[in-house]
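Let's work through a few exercises on reading a protein model together. Keep the sequence and the 3D view open while you try each task.

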Amino acid sequence: MKRLGRRGAIGALLLALMVVPVGAQDLASVEERVTEHRLENGLTFLIYERPGAPVVSFYTHVDVGSAQEVPGITGLAHMFEHMAFKGTTKIGTEDYEAEAEALARVDAAYHAYDAERRRPTGSDPERLAELEQAFKETQDEARELVKANEFGEIIDRSGGVGLNASTASDRTDYYINFPANRVELWAYLESERFLDPVLREFYTERDVVMEERRLRVDSQPIGRLIEQFVSTAYIAHPYQSIGIGHMSDLQSFTREDALEFYDAYYNPSNMIISIVGAIDADEIIPTIDQYFSRLEPGEPTPPLRTVEPEQIGERIVRIPDPAQPLYAEGYHRPAVTHPDDVVYDALADILSTGRTSRLYRSLVRDKKIAAQAFAFNGFPGNKYPNLMIFFAMPTPGHTNDEIQVALREEIDKLKSELVSEEELERVKTRVKANLIRGLRSNTGIARQLATFQALFGDWRELFHQVDRIEALTPEDLQRVARATFKETNRTVATLYTEQGDEG
Amino acid sequence: MMRLCSLLALIITLAALPAAAQVDDHSDIEFPPLAEFEIPSPAVYELDNGLKIFLIEDHELPLVQITARIRTGSLYEPAAKTGLAGIMGEVQRTGGTRSMSGDELDEFLESRAASVETSIGNTVGFAMMDTLAEDVDEILPVFVEVLRYPEFSEDKLELAKVQANSAIARRNDDVNSLTSREFSRLVYGEDSQLSRMEEYATIDAITREDLIAWHAKYYHPNNIYVGVVGDFDSAEMKRKLAEAFGSWPAGPSFGGGEIQVPSEEEPGVYFIEKSDVTQANIRIGHLGITYHNPDYFPVVVMNEVLGGGFSARLFSRIRSEKGLAYGVRGRVGAGFLHPGATTFSMQTKSESMGEAVDALFKEVRGMITEPATEKELQLAKDSILNSFVFNYASKAQVLGQQMLFSYYGLPDDFLEKYRSNIEQVTGADVQRVAETYLHPDKAKLLVVGKAEDFDRPLSSFGKVTELDIAIPPPPVREAAIELTDETRAAGAEILARMTSAIGGETPQALEAFRTVDEVVVSMQGQSMAIRQDFVLVFPDRIRVTLQMPMGEQVMVVSEGQGFQMMGPQSREMPPDQVQRQISDLGRNLLYLARYRDAPDLEAVAAGSGEVDGTACGWVQVTLGEAVSRLCVDGEGMVRKQTYQSTHPFTGAPGNFEVVFSDYREVDGYLVPHRQTTRIDGVEFASLTRQSAEINPEIDASLFERPAA
């Protein structure tokens with residue numbers, strides 16, 4: 001149990017008195033409030049003491065995401081995230097021993113059914129129906145032993161709010177807020193869910209996840225566009241698959257697949273937990289040590305082997321759709337840890353933050369060809385080289401072609417002319433203010449601390465980044481724009497309107 | 001080895017803290033009492049001019065935020081200008097003030113990383129300010145100017161209209177918001193302000209004068225609540241606010257207008273077809289209650305039992321147990337100034353639509369027939385009471401809530417009494433409110449989705465009414481027509497000039513004509529070449545042959561009937577389509593020339609125009625059901641024609657604009673050889689005529705449907 005960090009108040013004072021960049025000044029005052037605490041098993045806690053209302057945000061970041069999936073199990077990182085709400089051997093069961101046996105019968109029945117369903121020579125419909133019926137019956141038997149949603153029920157009853165989780169390309173996050181006197185309950189539940197999860201009701205929850213895919217991707221014009229866009233932009237790297245997974249994989253992966261995934265990645269070396277609110281670190285550390293030391297150590301997620309090869313030609317995908325047109329264009333760029341990361345942030349900011357931004361002024365305000373136009377980084381993830389993307393919605397009577405022309409004008413200008421000092425100054429001012437505004441909410445702070453700790457191994461990078469932006473020059477932006485915005489580095493995805501029945 | 005390490009860690013932990021023992025079951029965990037906590041309480045006072053101020057210091061971060069609530073709302077706008085309030089709320093900020101243009105404001109604020117924003121919702125207007133504390137003396141005056149002296153510049157009004165029109169064009173793209181919107185309109189009924197929608201025409205009707213008048217009507221200090229939170233000294237801030245707002249004279253107070261809601265509710269089953277979705281989007285419900293209802297608290301508890309958290313009935317039974325949906329929710333809705341909408345919603349794959357509707361109805365009914373158990377009741381109340389402290393999570397939140405309650409006339413101690421009100425709710429109360437406020441037998445059901453994939457027809461739930469959500473086309477920007485003797489006479493004159501130029505000396509000698517055209521159709525930047533062979537035998541026999549990349553398509557109308565052919569397949573044309581083909585002939589230039597003496601032909605002059613530098617006179621021509629406007633030049637040639645019709649590919653209604661050129665003489669008649677067509681301002685087709693024949697030999701078999 002090493003105590004790291006927690007610089008003394010005097011150290012902080014000294015730091016503040018020295019002539020130091022703004023980021024460091026803010027860092028000094030924040031550092032006083034942060035306790036960094038690492039368990040022997042590798043789990044890192046970041047505890048931020050914030051006086052005020054007796055409430056606390058808890059945020060568990062796990063270093064695993066859809067980028068850890070391979071063909072056949074796409075969507076599994078997200079699927080496990082759903083399963084992490086289903087309880088443990090103690091929570092959510094009437095009788096775990098009997099339930100474990102029932103679950104084994106479900107697995108066996110599913111395999112028999114799935115083998116017939118996907119038999120290469122075609123399945124026998126009668127046999128398939130029988131096996132499906134048998135599979136359903138074993139599920140019903142197993143459900144008899146389930147205390148439905150007990151995990152969520154305990155949290156609801158104890159005043160927990162905002163229970164949720166999210167899965168992205170590089171990360172899976174679990175979050176909840178509790179009144180400040182519920183720390184021990186949280187520590188118990190959160191350690192228990194990752195120590196001893198039981199993947200009960202797996203196949204029903206898989207149906208729920210399929211509904212989520214239909215909701216977010218298949219039935220949404222933007223969802224359809226994004227899926228085609230990323231799968232076109234990447235030919236090798238797992239970023240090519242959006243996290244929700246392919247429908248055929250969702251229909252096929254198994255409870256054992258999910259357990260295997262859990263075994264490989266859900267260990268304390270891969271977890272960072274931030275706790276923000278009206279708590280005293282010294283008071284809660286013994287409690288969290290007690291519960292989280294129970295987790296078995298494991299291996300950190302290995303870096304991905306596959307590196308996206310350099311793009312050698314423009315890639316274009318055009319989607320006929322009944323919806324109004326949408327435009328997306330992306331360029332490959334390096335990972336978030338690259339020194340130029342802040343240059344991309346500054347470029348995106350100048351292009352599309354606020355009403356003084358270039359895309360707003362040109363496409364929205366003056367040409368009136370776009371209802372919205374913006375640029376952003378870190379798509380679909382940011383731990384690995386990713387995309388800077390541009391997205392626009394044409395106004396009625398205007399086309400994706402017009403958007404493309406106007407957008408390229410602005411992109412070319414970044415290459416041919418230096419940005420003005422005034423614009424760059426606005427970026428710097430805004431980034432500093434945003435850092436302060438980011439400290440307004442417990443959940444926001446918790447997420448930021450965990451994110452920077454995970455990506456850089458040090459949450460202080462959140463503040464150092466501001467200093468790096470402060471040091472940027474117009475030449476930096478031009479250099480990166482010239483290196484990035486090239487035809488051969490580009491992917492364009494458009495959705496164009498086509499409706500009605502064919503003749 | 002690893003095990004040893006963590007065991008060691010455990011021993012150290014236990015040794016260090018013998019008092020805290022790790023529990024094996026969650027129910028063994030004891031909670032210390034929640035720390036004593038002084039609930040922040042804003043200072044509330046009023047300026048002489050009636051402006052109400054709520055003030056609370058928060059020195060954690062060097063920031064200051066102001067939120068103003070203004071007594072106004074889009075529900076009070078005239079129906080013909082639906083969208084006025086929303087646009088006013090937008091342009092109030094973007095359109096600048098008396099001392100700074102909108103663009104200058106953008107630069108001034110953004111260079112200080114500050115923001116001032118305004119908006120108007122259904123029953124409230126907002127103005128917000130967010131700044132670093134060090135800039136407050138610069139930003140506060142800007143905030144006051146935006147509130148008090150907005151300029152509403154024309155260019156930003158125009159921009160706001162483009163944005164509003166874009167939202168109209170896209171409003172049916174997102175199936176979930178489309179379903180929610182249409183369901184709300186069903187619940188509130190067509191007479192309610194809550195059911196109004198912005199249309200191209202209502203946006204078009206909004207003027208700068210409307211915005212100025214709206215501001216003048218509602219924006220008086222006695223209609224405004226201002227809340228300030230952040231890093232300041234209260235005494236100093238009070239002085240600044242008095243200085244900033246004190247000189248603003250009071251005006252007429254606005255107490256709110258009447259909001260129509262139906263007094264009687266009828267059940268019904270409604271459907272909207274959407275071909276690009278794989279789910280059925282389902283809503284069930286009816287009118288709800290207001291916050292002022294004495295049963296509000298039992299309703300809150302019932303809502304928690306039914307649709308609260310992970311353990312509530314809807315989530316547990318429909319999602320976790322049946323796997324029918326990702327999102328399923330439902331509650332008795334509450335509103336401040338009008339009843340909320342009680343809505344049960346979910347999305348499920350098309351193939352389980354029927355099963356899902358059954359399941360959802362079962363839970364609505366079940367809330368009445370299957371009373372909340374003691375456990376459910378306790379869980380719901382614990383959940384509400386134990387999380388109650390989150391209502392005070394930040395000072396900004398406390399301030400916002402107090403302003404909200406004050407604005408909508410809820411008691412000042414609404415929140416203080418909330419806990420005891422919830423504690424007092426009994427199982428009998430929940431049962432009573434379930435019976436009183438849930439009306440499954442009067443509920444409306446709306447399903448949006450792809451009917452052909454449903455597990456059973458929607459009609460199995462009752463007689464289905466299909467809703468039309470087609471977006472009405474923008475109004476045509478044309479000079480208004482005055483129907484006077486003069487305009488009729490002038491119209492007849494323009495028409496005569498045209499028919500004698502195009503129709504030659506003997507239009508009645510026209511028996512038939514045939515044209516062959518190359519047409520390039522463009523859609524979203526892609527183009528397609530079509531060869532079009534058009535045959536017309538007066539008065540009403542038509543054959544159109546289209547040669548397209550995907551094959552040949554033929555359409556024939558003859559003797560009041562019609563058919564279509566694609567390859568060897570032919571199928572009958574529906575009677576309404578036949579009728580439309582015939583009536584559309586009334587827009588054909590040669591047809592108009594041929595029947596210039598028809599008794600039902602009406603021509604009215606509609607002002608003068610110009611096409612590609614050539615002056616022309618507009619005439620609106622009506623023949624049968626066909627209406628179009630022609631711009632006819634001095635030589636009688638039609639330069640441009642405008643009319644409303646439906647898009648040939650999308651079927652969407654639109655404004656058509658056809659420009660004619662390259663007139664050539666064919667057997668004494670004038671025939672244009674180039675035509676370009678735009679729909680709603682977007683180029684759609686460009687036509688080059690290859691040949692035109694007057695009174696050619698026409699083989700009668702062209703109009704016969706081949707035997708199957």
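This is a predicted model: local features need pLDDT of at least 70, side-chain atom pairs count only at pLDDT 80 or more; totals for chains, interfaces and linings use all residues.

Residues are numbered from 1 along each chain as its sequence is written, and chains are lettered from A and ligands numbered from 1 in the order in which they are written.

**Exercise 1. A sheet in chain B**

Task: Find the order of the six strands in the open sheet of chain B, and name its edge strands.

Solution: 
- Step 1. Strands (E, at least two residues) and helices (H or I, at least four) are DSSP runs, numbered from the N terminus. Two strands pair if DSSP finds at least two bridges between them.
- Step 2. Going across the open sheet of chain B, the order is β10-β12-β8-β13-β7-β14, with mixed pairing.
- Step 3. β10 (328–331) and β14 (464–466) of chain B each pair on one side only, which makes them the edges. From one strand to the next, the twist averages 20 degrees.
- Step 4. Now zoom in on one pair: β7 (residues 268–273) and β13 (residues 444–449) of chain B run parallel and are joined by six bridges. Within this pair, B:Phe271 has B:Val447 as its bridge partner.

**Exercise 2. Helices on that sheet**

Task: Which helix of chain A lies across β8 and β12 of chain B?

Solution: 
- Step 1. Axes are lines fitted to C-alpha atoms, for helices over the stretch in contact, and angles run from 0 to 180 degrees between N-to-C directions. Two residues are in contact if their C-beta atoms, placed from the backbone, lie within 7 Å.
- Step 2. The helix is α8 (residues 202–218) of chain A, which runs at about 105 degrees to β12(B).

**Exercise 3. An enclosed helix**

Task: Why is helix α3 of chain A described as largely enclosed?

Solution: 
- Step 1. A residue is buried if 20 or more other C-beta atoms lie within 10 Å of its own, exposed if 12 or fewer, and partly exposed in between, with C-beta atoms placed from the backbone.
- Step 2. Eight of the eight residues of α3 (residues 76–83) of chain A are buried, so the rest of the structure largely encloses this helix. Among them are A:Leu76, A:Phe80 and A:Glu81.
- Step 3. The buried residues of α3(A) pack against β5 (161–167), β6 (172–179), α8 and α11 (255–265) of chain A.
- Step 4. Two of these neighbours belong together: a hairpin joins β5(A) to β6(A) through four residues. β5(A) and β6(A) pair in the antiparallel sense over five bridges, and A:Thr167 has A:Thr172 as its bridge partner.

**Exercise 4. A sheet in chain A**

Task: Describe the five-stranded open sheet of chain A and the helices lying across its strands.

Solution: 
- Step 1. The order is β8-β12-β9-β11-β10 in chain A, and the pairing is mixed.
- Step 2. The edges are β8 (315–321) and β10 (370–379) of chain A, each pairing on one side only.
- Step 3. β9 (residues 326–333) and β11 (residues 386–394) of chain A pair in the antiparallel sense over seven bridges, and A:Tyr331 stands opposite A:Met388 in β11(A).
- Step 4. Helix α9 (residues 221–233) of chain A lies across β8, β9, β11 and β12 (490–497) of chain A, at about 160 degrees to β8(A). Helix α15 (residues 400–416) of chain A lies across β9, β10, β11 and β12 of chain A, at about 130 degrees to β11(A).

**Exercise 5. The largest core**

Solution: 
- Step 1. A nonpolar core is a set of buried Ala, Val, Leu, Ile, Met, Phe, Trp, Tyr and Cys residues joined through C-beta atoms within 7 Å.
- Step 2. The largest has 208 residues, and those with the most contacts inside it include A:Ala392 and B:Met302.
- Step 3. Helix α13 (residues 341–352) of chain A gives the most, with eight residues.

**Exercise 6. Where the chains touch**

Task: How many residues does each chain bring to the contact between chain A and chain B?

Solution: 
- Step 1. Chain B brings 83 residues and chain A brings 84.
- Step 2. On the side of chain B, the largest share, eight residues, comes from α1(B).
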